[in-house]
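Here is my note on the model. Please read it with the structure open.

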Amino acid sequence: MIKSILIANRGEIAIRIARTAKRMGIKTYGIRTKKEPNAVYLSKVDEVVDFPETDGKVPEFLDIPNLVKLAADNHIDSMHPGYGYLSENADFAQACIDNGVIFVGPSPKIIRDMGDKIVAKEIAQRAGVPMLGGTHGGVPTAEAAIEQANAMGYPVIIKAASGGGGRGMRICWKEDEVARNWKLCTDEATTAFNDPTVFIEKYLQNPKHIEFQIVADKYGNVVHLGERECSIQRKHQKLMEEAPSPALTEEMREKMAAAAVNLAKEAGYESLGTVEFLLDAQGNFFFMEMNTRIQVEHPVTEMITGLNLVELQLLIASGEKLPVEQKDIKLNGWAIECRINAEDVQGGFTPSIGLIKNLRLPSDNNIRIDSGVRVGTEITPFFDSMIAKLIVHGKDRNDAIDLSLRSLQHFSVMGVKTTIPFCKQVLHNEVFRKGDFNTAFIEKVLGDNLIYKEPHEDLIAALFAVSTYNHDNDFIGDGEDTPEAGMDPWVLQKRIRHL
Amino acid sequence: MQSNIQNRTLIAVGPNEETYEFQVDNKYQFSTKGQKLKVEMIEEADGILLFACEGVRYPVEIVSVRQNNYEVMVNGVSYNFTVETPFSLKRRQILAANKPVSDTEEVRTPMPGKIVSVAVKVGQEVKQGDPILVLEAMKMQNTLTAPINGIVTVVKAKEATNVGKDELLVEIKRQ
């Protein structure tokens with residue numbers, strides 16, 4: 001069993017990992033960086049190690065040699081990468097192993113296979129998982145791109161093999177767009193991912209985004225933990241997730257889960273992983289990619305399965321067998337996660353930076369808040385804008401929606417703008433409540449109405465401003481000084497004419 | 001000496017010149033359209049500010065006060081108002097009508113960040129809404145767009161440089 005762990009991450013996920021590791025008797029280490037030396041996550045670990053002085057060119061949590069050295073120098077058993085940063089970096093996993101540090105995640109080979117979208121599709125093909133436009137490998141020339149696109153039928157999408165996170169993708173609606181987009185995509189892939197390989201697949205318009213959580217041990221046991229519905233997204237950034245998905249029938253769930261499990265088996269997968277699918281309006285599903293890490297939205301799965309995913313990750317990394325079998329997995333009720341980001345939704349989801357002057361979190365049965373901030377935390381442009389996640393567990397979907405809304409009503413953040421009014425707007429929306437939405441929801445259904453305002457809220461705001469002004473100006477002068485009070489209105493009218 | 005605040009009128013003017021008129025009955029009561037509204041400010045023990053109107057409480061925040069301009073938040077939604085008296089409002093409207101329209105518009109950084117790419121050159125013609133540059137902050141890329149139709153006269157923004165808040169990036173001459 002792992003005895004100590006270095007958490008190569010920050011914010012809420014560092015706290016979440018530390019919480020479970022401590023409970024399992026593992027000594028936890030957090031990394032202090034110069035950018036946020038007083039961060040909350042540092043107070044939630046057993047030991048704090050300082051990141052060494054560097055030239056600052058490589059951000060701390062992307063610095064493979066220094067992170068591995070920190071673990072080795074402090075005789076720490078294992079490394080947890082969290083999500084983002086180096087969590088899907090095969091070189092990091094390999095460097096850990098080479099230095100005798102257990103990497104909490106799959107093997108470098110699996111990370112590399114799944115990180116290469118072309119290899120991942122080939123594995124999915126062998127596992128019999130449906131996909132868009134089959135696998136044809138990379139397209140080395142513009143002519144090859146046009147030939148493949150014509151064979152598939154339009155629209156098509158050109159993607160970077162090493163891309164991800166919504167970057168390095170171009171959609172072509174007709175033949176004469178293919179050559180130009182192939183060139184642009186290849187150039188972008190070269191500069192952004194240091195790999196010019198691109199491939200083509202059929203482009204699905206306005207799909208639903210549904211992912212399956214799987215977990216596998218080193219002994220070939222693979223179990224799925226149901227799906228997560230992640231269609232509420234903007235520019236490929238998820239903003240709200242739920243489990244299960246209102247779009248799936250029991251029959252579809254079984255089919256998709258079997259595909260995810262087969263894919264994991266074909267890949268020789270171990271540890272926690274997520275198979276992402278696109279679902280079209282007719283209920284056909286297609287493999288998109290597999291993520292080889294813990295996801296931001298993992299708590300919704302924990303809520304409905306009652307399992308602790310970080311605990312499973314740590315057990316598997318320690319070489320233990322999966323403590324559960326598929327027949328033990330029961331999905332209970334409904335869970336929703338709202339991401340509370342420091343963003344100005346009214347200003348186009350731009351980052352909102354500043355000091356958290358005050359924070360009030362809701363507290364109730366069946367709600368969980370994973371947060372990495374407290375009063376006094378400064379929101380800087382250096383890091384991700386997510387400051388907290390609100391996760392609720394209801395007996396059914398309506399119950400979960402209502403509990404989310406009630407909780408958001410009691411969630412106050414002063415000092416920065418947040419996505420709370422946006423989350424309320426989604427939860428109040430009739431289309432969302434019916435469960436009939438896809439990735440175009442924000443753009444097509446919400447449009448410009450991105451935030452929820454209570455009836456007459458603008459009048460209340462105006463009254464609040466007026467009342468504050470009235471207080472502010474209460475004790476200035478004695479009435480004689482204020483022109484409105486002291487001056488003859490006729491004189492005032494006359495003066496206005498001279499303006 | 002108590003100021004003469006009773007029975008005066010205050011008007012909140014929103015960003016689109018929409019107006020909300022209130023009569024000040026006293027510090028804790030205002031009237032609008034014949035309806036009396038009792039208000040109260042409550043500061044909770046944890047510092048959260050509540051504004052109560054007719055007994056209904058709203059979490060609020062005073063974001064900034066500049067002269068008579070108030071940026072406030074109600075339920076996490078931000079609002080901007082200028083508080084005017086009937087006289088100052090009239091002045092403001094006349095001044096606004098007489099104000100010469102500036103022929104250049106400045107594009108400034110809305111937040112500190114790093115410039116990823118610049119899409120315009122000096123002398124280039126741009127239309128309102130055209131992308132001007134991409135600014136990266138908090139790992140998000142934000143496209144800044146042209147506020148007006150015109151010709152680019154100044155480009156201060158350089159790719160791959162860090163910029164602070166409110167720095168001049170591009171100037172556009174109106175056409």
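1. Two residues are in contact if their C-beta atoms, placed from the backbone, lie within 7 Å. Take contacts in chain A between residues at least 6 apart in sequence: 66% join residues at least 24 apart.

2. This is a predicted model, where local features need pLDDT of at least 70, side-chain atom pairs count only at pLDDT 80 or more, and totals for chains, interfaces and linings use all residues. Residues are numbered from 1 along each chain as its sequence is written, while chains are lettered from A and ligands numbered from 1 in the order in which they are written.

3. Chain A splits into domain 1 (4–104), domain 2 (133–202), domain 3 (208–446) and domain 4 (457–496). The bounds come from an automatic or database domain assignment.

4. In chain A, 21 residues of domain 1 are in contact with 23 residues of domain 3. Helix H1 (residues 11–23) of chain A gives the most to the domain 1 side, with seven residues. Helices (H or I, at least four residues) and strands (E, at least two) are DSSP runs, numbered from the N terminus.

5. Between the chains, 47 residues of chain A are in contact with 50 residues of chain B. H15(A) gives the most to the chain A side, with 15 residues.

6. Chain A has 17 helices and 22 strands. Of its 499 residues, 48% count as buried (20 or more other C-beta atoms within 10 Å of the residue's own, with C-beta atoms placed from the backbone).

Conventions
Buried ≥ 20, exposed ≤ 12 C-beta atoms within 10 Å, placed from the backbone.
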